[in-house]
Amino acid sequence: MTVEGSVRRYRIGVIPGDGTGPEVIREGLKVLEAVRALEGFSVELTTFDLGGERYLRTGEVLPEEDLERLRGMDAIYLGAVGHPEVRPGILERDLLLRIRFELDQYVNLRPVIRYPGVRTLVPSHSEDDVNFVVVRENSEGLYSGAGGFHRRGTPYEVAVQESINTRHGVERIVRYAFELARGPERRGKLTLVHKTNVLTYAGDLYQRVVDELAPEYPDVRTDYVHVDAACIYFLEQPSRFDVIVTDNMFGDIITDLGAIIQGGMGIAAGGNINPQGVSMFEPIGGTAPDHVGKGTINPLAAIGALQMLLRSLGESGAAARVDAGIRFACTKMHSMRAGEMGYSTSEVGDLVVEGATA
Ligand code: IPM
Ligand code: MN
(Lines give C-alpha, C1' and ligand atoms only; values in the text may rest on other atoms or scores of the structure.)
(Ligands and ions follow the chains in the order given, each with its own letter.)
Protein backbone atom coordinates (compact mmCIF):
# COMPACT_ATOMS: atom_id res chain seq x y z
CA MET A 1 0.00 0.00 0.00
CA THR A 2 1.06 3.55 -0.60
CA VAL A 3 -0.66 6.60 0.83
CA GLU A 4 -1.11 9.70 -1.32
CA GLY A 5 -2.45 12.60 0.67
CA SER A 6 -4.82 10.68 2.88
CA VAL A 7 -5.83 8.14 0.23
CA ARG A 8 -4.75 4.51 0.56
CA ARG A 9 -3.61 3.12 -2.75
CA TYR A 10 -3.10 -0.52 -3.73
CA ARG A 11 -1.41 -2.09 -6.72
CA ILE A 12 -3.46 -5.07 -7.80
CA GLY A 13 -2.26 -7.48 -10.46
CA VAL A 14 -5.13 -8.94 -12.45
CA ILE A 15 -4.76 -12.21 -14.33
CA PRO A 16 -8.12 -12.82 -16.05
CA GLY A 17 -6.65 -15.95 -17.64
CA ASP A 18 -8.58 -18.44 -19.74
CA GLY A 19 -12.10 -19.71 -20.33
CA THR A 20 -14.65 -17.97 -18.18
CA GLY A 21 -11.88 -16.33 -16.11
CA PRO A 22 -12.21 -12.93 -17.81
CA GLU A 23 -16.01 -12.95 -17.44
CA VAL A 24 -15.98 -13.55 -13.71
CA ILE A 25 -13.06 -11.18 -13.09
CA ARG A 26 -14.97 -8.45 -14.90
CA GLU A 27 -17.77 -8.77 -12.34
CA GLY A 28 -15.27 -8.79 -9.50
CA LEU A 29 -13.72 -5.58 -10.76
CA LYS A 30 -17.16 -4.03 -11.10
CA VAL A 31 -17.80 -4.80 -7.43
CA LEU A 32 -14.33 -3.56 -6.49
CA GLU A 33 -14.97 -0.24 -8.19
CA ALA A 34 -18.28 0.19 -6.35
CA VAL A 35 -16.94 -0.53 -2.86
CA ARG A 36 -13.64 1.25 -3.42
CA ALA A 37 -15.39 4.50 -4.15
CA LEU A 38 -17.49 4.21 -0.98
CA GLU A 39 -14.63 3.16 1.28
CA GLY A 40 -12.27 5.82 0.02
CA PHE A 41 -9.24 3.97 -1.24
CA SER A 42 -7.82 3.76 -4.71
CA VAL A 43 -6.41 0.93 -6.78
CA GLU A 44 -3.95 0.72 -9.61
CA LEU A 45 -4.83 -2.33 -11.70
CA THR A 46 -2.19 -4.02 -13.82
CA THR A 47 -3.59 -6.64 -16.17
CA PHE A 48 -1.34 -9.57 -17.01
CA ASP A 49 -1.76 -11.42 -20.26
CA LEU A 50 -1.03 -14.90 -18.92
CA GLY A 51 -2.66 -18.22 -19.70
CA GLY A 52 -3.37 -20.56 -22.58
CA GLU A 53 -3.96 -17.90 -25.21
CA ARG A 54 -0.59 -16.28 -24.67
CA TYR A 55 1.14 -19.65 -24.55
CA LEU A 56 -0.37 -20.69 -27.87
CA ARG A 57 0.51 -17.34 -29.40
CA THR A 58 4.05 -16.90 -28.10
CA GLY A 59 5.14 -20.12 -26.38
CA GLU A 60 5.57 -18.19 -23.13
CA VAL A 61 3.93 -19.35 -19.90
CA LEU A 62 5.37 -17.08 -17.22
CA PRO A 63 8.28 -14.95 -18.39
CA GLU A 64 10.68 -13.67 -15.70
CA GLU A 65 9.63 -10.13 -16.42
CA ASP A 66 5.99 -10.87 -15.59
CA LEU A 67 6.99 -12.75 -12.48
CA GLU A 68 9.04 -9.77 -11.32
CA ARG A 69 6.14 -7.41 -11.92
CA LEU A 70 3.84 -9.74 -9.98
CA ARG A 71 6.27 -9.59 -7.06
CA GLY A 72 5.77 -5.83 -6.95
CA MET A 73 1.99 -5.99 -6.47
CA ASP A 74 0.09 -5.62 -3.20
CA ALA A 75 -2.18 -8.52 -4.22
CA ILE A 76 -3.05 -10.61 -7.27
CA TYR A 77 -6.53 -11.38 -8.56
CA LEU A 78 -6.72 -14.48 -10.76
CA GLY A 79 -9.60 -15.76 -12.89
CA ALA A 80 -8.71 -19.24 -14.14
CA VAL A 81 -6.03 -20.92 -16.21
CA GLY A 82 -6.32 -23.93 -18.50
CA HIS A 83 -6.92 -24.26 -22.22
CA PRO A 84 -8.42 -27.14 -24.21
CA GLU A 85 -5.62 -26.89 -26.78
CA VAL A 86 -2.80 -26.92 -24.25
CA ARG A 87 -1.59 -30.25 -22.94
CA PRO A 88 -2.71 -30.68 -19.31
CA GLY A 89 0.01 -29.89 -16.80
CA ILE A 90 1.81 -27.08 -18.60
CA LEU A 91 -0.29 -24.14 -17.47
CA GLU A 92 -1.06 -25.74 -14.12
CA ARG A 93 2.57 -26.41 -13.27
CA ASP A 94 4.40 -23.59 -15.01
CA LEU A 95 1.91 -20.83 -14.35
CA LEU A 96 -0.42 -21.44 -11.41
CA LEU A 97 1.83 -23.63 -9.27
CA ARG A 98 4.89 -21.62 -10.26
CA ILE A 99 3.33 -18.39 -8.99
CA ARG A 100 2.29 -20.12 -5.76
CA PHE A 101 5.82 -21.47 -5.26
CA GLU A 102 7.84 -18.47 -6.45
CA LEU A 103 5.86 -16.05 -4.30
CA ASP A 104 5.96 -18.57 -1.46
CA GLN A 105 2.20 -18.48 -1.02
CA TYR A 106 2.38 -21.32 1.41
CA VAL A 107 -1.18 -21.11 2.68
CA ASN A 108 -4.13 -22.08 0.53
CA LEU A 109 -7.05 -20.73 2.47
CA ARG A 110 -10.44 -22.09 1.46
CA PRO A 111 -13.49 -21.08 3.44
CA VAL A 112 -16.37 -23.55 3.24
CA ILE A 113 -19.36 -21.41 4.09
CA ARG A 114 -22.91 -21.90 3.09
CA TYR A 115 -24.69 -18.61 2.64
CA PRO A 116 -28.36 -18.27 3.58
CA GLY A 117 -30.67 -19.09 0.70
CA VAL A 118 -28.22 -21.33 -1.13
CA ARG A 119 -29.47 -24.78 -2.04
CA THR A 120 -26.95 -27.60 -2.05
CA LEU A 121 -26.93 -31.30 -2.79
CA VAL A 122 -27.32 -31.99 0.92
CA PRO A 123 -30.78 -30.70 1.86
CA SER A 124 -30.40 -31.79 5.49
CA HIS A 125 -27.66 -29.20 6.12
CA SER A 126 -28.85 -26.08 7.87
CA GLU A 127 -27.15 -22.74 7.34
CA ASP A 128 -25.23 -23.08 10.59
CA ASP A 129 -23.88 -26.53 9.78
CA VAL A 130 -21.50 -25.50 7.03
CA ASN A 131 -19.10 -22.88 8.31
CA PHE A 132 -15.45 -23.85 8.41
CA VAL A 133 -12.14 -23.02 6.80
CA VAL A 134 -9.64 -25.37 5.21
CA VAL A 135 -6.00 -24.35 5.60
CA ARG A 136 -4.31 -26.30 2.85
CA GLU A 137 -0.52 -26.47 2.79
CA ASN A 138 0.38 -24.91 -0.55
CA SER A 139 4.12 -25.21 -1.06
CA GLU A 140 5.17 -28.84 -0.71
CA GLY A 141 3.77 -32.35 -0.25
CA LEU A 142 2.96 -34.23 -3.44
CA TYR A 143 3.00 -30.93 -5.31
CA SER A 144 6.77 -30.51 -4.91
CA GLY A 145 7.40 -32.29 -8.21
CA ALA A 146 9.90 -34.67 -6.62
CA GLY A 147 10.17 -38.08 -8.21
CA GLY A 148 10.73 -39.47 -11.65
CA PHE A 149 10.46 -42.32 -14.07
CA HIS A 150 12.62 -45.36 -14.49
CA ARG A 151 12.47 -47.35 -17.72
CA ARG A 152 9.65 -45.16 -18.96
CA GLY A 153 7.53 -46.74 -21.65
CA THR A 154 8.74 -50.25 -20.95
CA PRO A 155 6.83 -53.05 -19.19
CA TYR A 156 9.19 -52.51 -16.24
CA GLU A 157 8.35 -48.85 -15.87
CA VAL A 158 8.51 -47.31 -12.43
CA ALA A 159 6.93 -43.94 -11.65
CA VAL A 160 7.82 -42.39 -8.31
CA GLN A 161 6.01 -39.30 -7.03
CA GLU A 162 7.22 -38.27 -3.62
CA SER A 163 5.51 -36.25 -0.94
CA ILE A 164 8.01 -33.79 0.51
CA ASN A 165 7.15 -32.54 3.99
CA THR A 166 9.63 -30.32 5.76
CA ARG A 167 9.59 -29.44 9.43
CA HIS A 168 9.69 -25.78 8.42
CA GLY A 169 6.83 -26.18 5.94
CA VAL A 170 4.63 -28.15 8.29
CA GLU A 171 5.29 -25.89 11.23
CA ARG A 172 4.44 -22.69 9.39
CA ILE A 173 1.15 -24.03 8.04
CA VAL A 174 0.09 -25.52 11.37
CA ARG A 175 0.98 -22.28 13.14
CA TYR A 176 -1.06 -20.29 10.63
CA ALA A 177 -4.02 -22.59 11.30
CA PHE A 178 -3.70 -22.25 15.07
CA GLU A 179 -3.58 -18.46 14.78
CA LEU A 180 -6.67 -18.50 12.60
CA ALA A 181 -8.53 -20.84 14.95
CA ARG A 182 -7.97 -18.58 17.95
CA GLY A 183 -9.01 -15.45 16.06
CA PRO A 184 -12.26 -13.60 16.56
CA GLU A 185 -13.93 -15.07 13.50
CA ARG A 186 -13.46 -18.70 14.39
CA ARG A 187 -14.65 -20.95 17.18
CA GLY A 188 -11.30 -22.08 18.61
CA LYS A 189 -11.13 -25.58 17.18
CA LEU A 190 -8.38 -26.99 14.97
CA THR A 191 -8.70 -30.35 13.22
CA LEU A 192 -5.74 -32.02 11.58
CA VAL A 193 -6.91 -33.98 8.54
CA HIS A 194 -4.40 -36.54 7.30
CA LYS A 195 -3.93 -40.26 6.93
CA THR A 196 -1.65 -41.05 9.85
CA ASN A 197 -2.64 -44.72 9.85
CA VAL A 198 -0.97 -45.25 6.48
CA LEU A 199 1.25 -42.21 5.86
CA THR A 200 3.21 -42.97 8.99
CA TYR A 201 6.07 -40.54 8.23
CA ALA A 202 4.37 -37.47 6.83
CA GLY A 203 1.32 -37.93 9.02
CA ASP A 204 3.50 -38.42 12.06
CA LEU A 205 5.33 -35.17 11.37
CA TYR A 206 2.04 -33.26 11.06
CA GLN A 207 0.64 -34.80 14.23
CA ARG A 208 3.82 -34.12 16.22
CA VAL A 209 3.90 -30.50 15.10
CA VAL A 210 0.25 -30.03 16.11
CA ASP A 211 0.95 -31.62 19.49
CA GLU A 212 4.08 -29.55 20.03
CA LEU A 213 2.45 -26.23 19.18
CA ALA A 214 -0.81 -26.91 21.03
CA PRO A 215 0.49 -25.73 24.46
CA GLU A 216 1.19 -22.33 22.91
CA TYR A 217 -2.51 -22.12 22.02
CA PRO A 218 -4.39 -23.18 25.15
CA ASP A 219 -7.48 -21.42 23.78
CA VAL A 220 -7.64 -23.79 20.78
CA ARG A 221 -9.01 -27.35 21.03
CA THR A 222 -7.29 -29.80 18.72
CA ASP A 223 -8.75 -32.81 17.02
CA TYR A 224 -7.71 -35.34 14.39
CA VAL A 225 -9.72 -36.92 11.55
CA HIS A 226 -8.50 -39.25 8.80
CA VAL A 227 -9.01 -37.75 5.36
CA ASP A 228 -11.40 -40.46 4.19
CA ALA A 229 -13.52 -40.05 7.30
CA ALA A 230 -13.39 -36.28 6.82
CA CYS A 231 -15.19 -36.78 3.49
CA ILE A 232 -18.01 -38.52 5.31
CA TYR A 233 -18.18 -35.83 7.96
CA PHE A 234 -18.34 -33.11 5.30
CA LEU A 235 -21.66 -34.64 4.32
CA GLU A 236 -22.93 -36.05 7.60
CA GLN A 237 -21.64 -33.68 10.26
CA PRO A 238 -19.86 -30.63 8.85
CA SER A 239 -20.54 -28.68 12.04
CA ARG A 240 -17.76 -30.59 13.76
CA PHE A 241 -15.23 -28.53 11.77
CA ASP A 242 -14.04 -25.02 12.46
CA VAL A 243 -10.48 -24.79 11.10
CA ILE A 244 -8.97 -27.76 9.24
CA VAL A 245 -5.26 -28.01 8.55
CA THR A 246 -4.12 -30.53 5.97
CA ASP A 247 -1.46 -31.21 3.38
CA ASN A 248 -1.45 -30.01 -0.19
CA MET A 249 -3.02 -33.01 -1.95
CA PHE A 250 -5.63 -33.82 0.68
CA GLY A 251 -6.48 -30.12 0.81
CA ASP A 252 -6.97 -30.03 -2.94
CA ILE A 253 -9.36 -32.96 -2.86
CA ILE A 254 -11.43 -32.16 0.20
CA THR A 255 -12.00 -28.56 -0.86
CA ASP A 256 -13.75 -29.72 -4.01
CA LEU A 257 -16.10 -31.67 -1.78
CA GLY A 258 -16.25 -28.57 0.42
CA ALA A 259 -17.36 -26.55 -2.60
CA ILE A 260 -20.24 -28.95 -3.17
CA ILE A 261 -21.62 -28.46 0.34
CA GLN A 262 -21.32 -24.70 -0.14
CA GLY A 263 -23.49 -24.82 -3.23
CA GLY A 264 -20.97 -25.72 -5.91
CA MET A 265 -17.88 -24.41 -7.67
CA GLY A 266 -19.81 -21.28 -8.56
CA ILE A 267 -19.45 -20.00 -5.03
CA ALA A 268 -16.15 -21.43 -3.77
CA ALA A 269 -13.29 -18.96 -3.38
CA GLY A 270 -9.77 -19.32 -2.14
CA GLY A 271 -6.60 -17.43 -1.39
CA ASN A 272 -2.98 -18.39 -1.98
CA ILE A 273 -1.43 -16.53 0.88
CA ASN A 274 2.04 -15.45 1.80
CA PRO A 275 1.42 -13.72 5.13
CA GLN A 276 4.62 -11.70 4.70
CA GLY A 277 4.44 -11.23 0.94
CA VAL A 278 2.17 -11.07 -2.09
CA SER A 279 -0.99 -13.16 -2.00
CA MET A 280 -3.20 -14.30 -4.87
CA PHE A 281 -6.94 -14.83 -4.75
CA GLU A 282 -8.99 -16.96 -7.10
CA PRO A 283 -12.28 -18.75 -7.60
CA ILE A 284 -11.43 -22.41 -7.08
CA GLY A 285 -13.45 -23.72 -10.02
CA GLY A 286 -11.75 -23.93 -13.38
CA THR A 287 -12.20 -22.39 -16.81
CA ALA A 288 -15.66 -23.92 -17.49
CA PRO A 289 -15.15 -24.25 -21.28
CA ASP A 290 -18.84 -25.05 -21.89
CA HIS A 291 -19.92 -21.68 -20.56
CA VAL A 292 -17.42 -19.36 -22.22
CA GLY A 293 -18.96 -16.24 -23.69
CA LYS A 294 -22.54 -17.15 -22.78
CA GLY A 295 -23.03 -15.00 -19.70
CA THR A 296 -24.08 -18.11 -17.79
CA ILE A 297 -21.11 -18.56 -15.45
CA ASN A 298 -21.54 -17.74 -11.76
CA PRO A 299 -19.22 -14.89 -10.75
CA LEU A 300 -19.81 -15.28 -7.00
CA ALA A 301 -16.71 -17.41 -6.44
CA ALA A 302 -14.57 -14.73 -8.07
CA ILE A 303 -16.37 -12.05 -6.07
CA GLY A 304 -15.77 -14.10 -2.92
CA ALA A 305 -12.08 -14.17 -3.86
CA LEU A 306 -12.20 -10.38 -4.12
CA GLN A 307 -13.67 -10.23 -0.65
CA MET A 308 -10.73 -12.27 0.66
CA LEU A 309 -8.30 -10.06 -1.22
CA LEU A 310 -9.74 -6.92 0.34
CA ARG A 311 -9.58 -8.45 3.77
CA SER A 312 -5.93 -9.38 3.26
CA LEU A 313 -5.17 -5.78 2.35
CA GLY A 314 -6.75 -4.69 5.63
CA GLU A 315 -9.77 -3.14 3.90
CA SER A 316 -12.24 -4.83 6.21
CA GLY A 317 -15.01 -2.32 5.56
CA ALA A 318 -14.88 -3.02 1.86
CA ALA A 319 -14.65 -6.76 2.50
CA ALA A 320 -17.74 -6.61 4.73
CA ARG A 321 -19.60 -4.78 1.98
CA VAL A 322 -18.67 -7.42 -0.58
CA ASP A 323 -19.77 -10.12 1.83
CA ALA A 324 -23.11 -8.38 2.29
CA GLY A 325 -23.42 -8.13 -1.48
CA ILE A 326 -22.79 -11.83 -1.95
CA ARG A 327 -25.34 -12.68 0.74
CA PHE A 328 -27.87 -10.44 -0.93
CA ALA A 329 -27.28 -12.08 -4.33
CA CYS A 330 -27.60 -15.55 -2.79
CA THR A 331 -31.07 -14.81 -1.51
CA LYS A 332 -32.18 -13.82 -5.02
CA MET A 333 -30.52 -16.47 -7.19
CA HIS A 334 -32.29 -19.73 -8.01
CA SER A 335 -29.13 -21.79 -8.00
CA MET A 336 -25.37 -21.42 -7.82
CA ARG A 337 -24.99 -23.58 -10.91
CA ALA A 338 -23.88 -22.01 -14.17
CA GLY A 339 -26.84 -21.50 -16.47
CA GLU A 340 -29.37 -22.09 -13.69
CA MET A 341 -28.89 -18.93 -11.67
CA GLY A 342 -32.01 -17.16 -12.91
CA TYR A 343 -29.71 -14.25 -13.78
CA SER A 344 -26.86 -13.67 -16.19
CA THR A 345 -23.25 -13.35 -15.04
CA SER A 346 -23.37 -9.59 -15.20
CA GLU A 347 -26.77 -9.41 -13.49
CA VAL A 348 -25.36 -11.38 -10.58
CA GLY A 349 -22.52 -8.84 -10.43
CA ASP A 350 -25.15 -6.08 -10.34
CA LEU A 351 -26.98 -7.81 -7.49
CA VAL A 352 -23.77 -7.93 -5.49
CA VAL A 353 -23.14 -4.24 -6.14
CA GLU A 354 -26.68 -3.50 -5.02
CA GLY A 355 -26.21 -5.41 -1.78
CA ALA A 356 -22.71 -4.06 -1.21
CA THR A 357 -23.64 -0.42 -1.61
CA ALA A 358 -26.96 -0.49 0.24
C1 IPM B 1 -6.79 -26.02 -7.34
C2 IPM B 1 -6.52 -26.69 -8.65
C3 IPM B 1 -5.01 -26.75 -8.86
C4 IPM B 1 -4.43 -27.56 -7.73
C5 IPM B 1 -4.60 -27.31 -10.22
C6 IPM B 1 -5.24 -26.57 -11.36
C7 IPM B 1 -3.11 -27.37 -10.36
O8 IPM B 1 -7.11 -27.93 -8.69
O9 IPM B 1 -6.42 -24.84 -7.19
O10 IPM B 1 -7.39 -26.65 -6.47
O11 IPM B 1 -4.38 -28.78 -7.80
O12 IPM B 1 -4.00 -26.94 -6.75
MN1 MN C 1 -8.31 -28.38 -6.95
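1. The shell around ligand 1 consists of 5 charged residues, 2 nonpolar residues and no polar ones. In this count Asp, Glu, Lys and Arg are charged, Ala, Val, Leu, Ile, Met, Phe, Trp, Tyr, Cys and Pro are nonpolar, and the others, Gly among them, are polar.

2. This is a predicted model, in which local features need pLDDT of at least 70 and side-chain atom pairs pLDDT 80 or more, while totals for chains, interfaces and linings use all residues. Residues are numbered from 1 along each chain as its sequence is written, chains are lettered from A and ligands numbered from 1 in the order written, and side-chain values use heavy atoms, without hydrogens and water.

3. Glu-92, Leu-96, Arg-100, Arg-110, Arg-136, Tyr-143 and Asp-252 surround ligand 1 (a heavy atom within 4 Å). Helix H4, residues 90–102, supplies the largest share of this shell, with 3 residues; helices are DSSP runs (H or I, at least four residues), numbered from the N terminus.

4. Oxygen atoms of ligand 1 make polar contacts (N or O pairs within 3.5 Å) with side-chain atoms of Tyr-143 at 2.6 Å, Arg-100 at 2.7 Å and Asp-252 at 2.8 Å. The protein buries 76% of the 320 Å² that ligand 1 exposes when taken alone (Shrake-Rupley method, 1.4 Å probe).

5. Glu-315 sits in the loop between helix H9 (300–312) and helix H10 (316–332). Glu-315 counts as buried because its relative accessibility is 5% (buried means under 20%, 1.4 Å probe, protein chains only). Leaving aside residues up to four places away in sequence, Glu-315 touches Arg-8, Tyr-10, Phe-41 and Leu-310 (heavy atoms within 4.5 Å).

Technical notes. Polar contact = N/O pair within 3.5 Å; in protein donor to acceptor, adjacent residues only side chain to side chain. Helix = DSSP H or I, 4+ residues; strand = E, 2+ residues; numbered from the N terminus. Buried < 20%, exposed > 50% of the residue type's maximum accessible area, 1.4 Å probe, protein only.
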